[in-house]
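Some labels on a structure rest on a number and a cut-off.

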Amino acid sequence: MSWTRALLAALAVCVLLLTGTVSCDSGDPGKPEQMASPSPVGKVLDDTDEEGRHYREVDGKDAPEVDIEVQPDADDSWDVRLTVHNFRFSPTGVKPKAVEGRGLVYLFVDGRLVSRLRNPDCRIPGELVPRGTHTVTARLYADDGTVWAVDGDPVESAADITASGAETSVTPSALSAPGNDLRTGGRGSPDPGGKAS
């Protein structure tokens, strides 16, 4: 008879464990759409970037930010330095899912992707920047490939540079000094008239 009591006691514990687990959910366990689930980071919008990657809208209060500074180098290349806030670069090998304030920076020259960055420093070879004026843009992406966005705009920063053969220059607006950045999608974003707020 003692084995019967032990079996009944084990069954009672199992029932209590299952009942306790179910009672943690606020919805009916028979209806999965009402069960509690972890909320995703931000809200994925219908808007996309040039490559069709969706924007991931986050609250502007603690949104990630990026500033870019581009300087010419002696060998016709360009040194890029990024400053990020509320953002950390993902190491290689992370799972492709959105984690708040983490991801990669995609670097574009005139809208053409030239690099995916996992750190704040980069060099753009001179052959990628032919003679003329160009825009270098740093845009923040989550690990799942979505674009971090605030108020429907991607979180990015841009700098205009001019390459003229042996002589290169950076326009004054290219430097991301405090109060003079060209970031869009975060605090300090330019208004439609082009003035920094």
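Q: Why does Asn 86 count as partly exposed?
A: This is a predicted model. In it, Asn 86 has 40% relative accessibility. Buried means under 20% and exposed means over 50%, with partly exposed in between. The value of 40% falls in between, so Asn 86 counts as partly exposed.

Q: Where does Asn 86 lie?
A: Asn 86 lies in a loop. On one side is β4 (78–85), and on the other is β5 (88–89).

Q: What makes phi of Asn 86 worth a remark?
A: Phi of Asn 86 is near 55°. That is a positive value, and the residue is not glycine. Most residues other than glycine have a negative phi.

Q: Which value does phi of Asp 151 take?
A: Phi of Asp 151 is also near 55°. Here too the value is positive in a residue other than glycine. Asp 151 sits in the loop between β10 (147–150) and β11 (153–154).

Q: Why is Asp 151 called exposed?
A: Asp 151 has 70% relative accessibility. Exposed means over 50%. The value of 70% passes that cut-off, so Asp 151 counts as exposed.

Q: What makes the surface patch that includes Asp 151 a negative one?
A: The patch is formed by Asp 46, Asp 47, Asp 59, Asp 62, Glu 100, Asp 151 and Asp 153. Asp and Glu count as negative. Each member is an Asp or a Glu, so the patch is called negative.

Q: Where does Asp 62 lie?
A: Asp 62 is in the loop between β2 (54–57) and β3 (65–72).

Q: Why is Arg 116 called partly exposed?
A: Arg 116 has 47% relative accessibility. Arg 116 belongs to strand β7 (residues 112–117).

Q: What does Arg 116 touch, not counting residues up to four places away in sequence?
A: Arg 116 touches Arg 53, Val 105 and Tyr 106. Contact means heavy atoms within 4.5 Å.

Q: How many helices and strands does the protein have?
A: The protein has one helix and 13 strands.

Q: How much of the protein is buried?
A: Buried residues make up 34% of the 197 residues. The accessible surface comes to about 11,700 Å². Carbon and sulfur atoms hold 55% of that surface.

Technical notes
Residues are numbered from 1 along each chain as its sequence is written. This is a predicted model: local features need pLDDT of at least 70, side-chain atom pairs count only at pLDDT 80 or more; totals for chains, interfaces and linings use all residues. Side-chain values use heavy atoms; hydrogens and water are left out. Patches are made of residues with over 30% relative accessible area and no salt bridge: like charges are joined within 9 Å, nonpolar side chains (Val, Leu, Ile, Met, Phe, Trp, Tyr) within 5 Å. Accessible areas come from the Shrake-Rupley method with a 1.4 Å probe; for residues, only the protein chains shown count as cover. A salt bridge is a side-chain nitrogen of Lys or Arg within 4 Å of a carboxyl oxygen of Asp or Glu. The place of a charge is taken as NZ of Lys, CZ of Arg, CG of Asp or CD of Glu. Helices (H or I, at least four residues) and strands (E, at least two) are DSSP runs, numbered from the N terminus. Buried means under 20% relative accessible area, exposed over 50%, partly exposed in between (1.4 Å probe, protein chains only).
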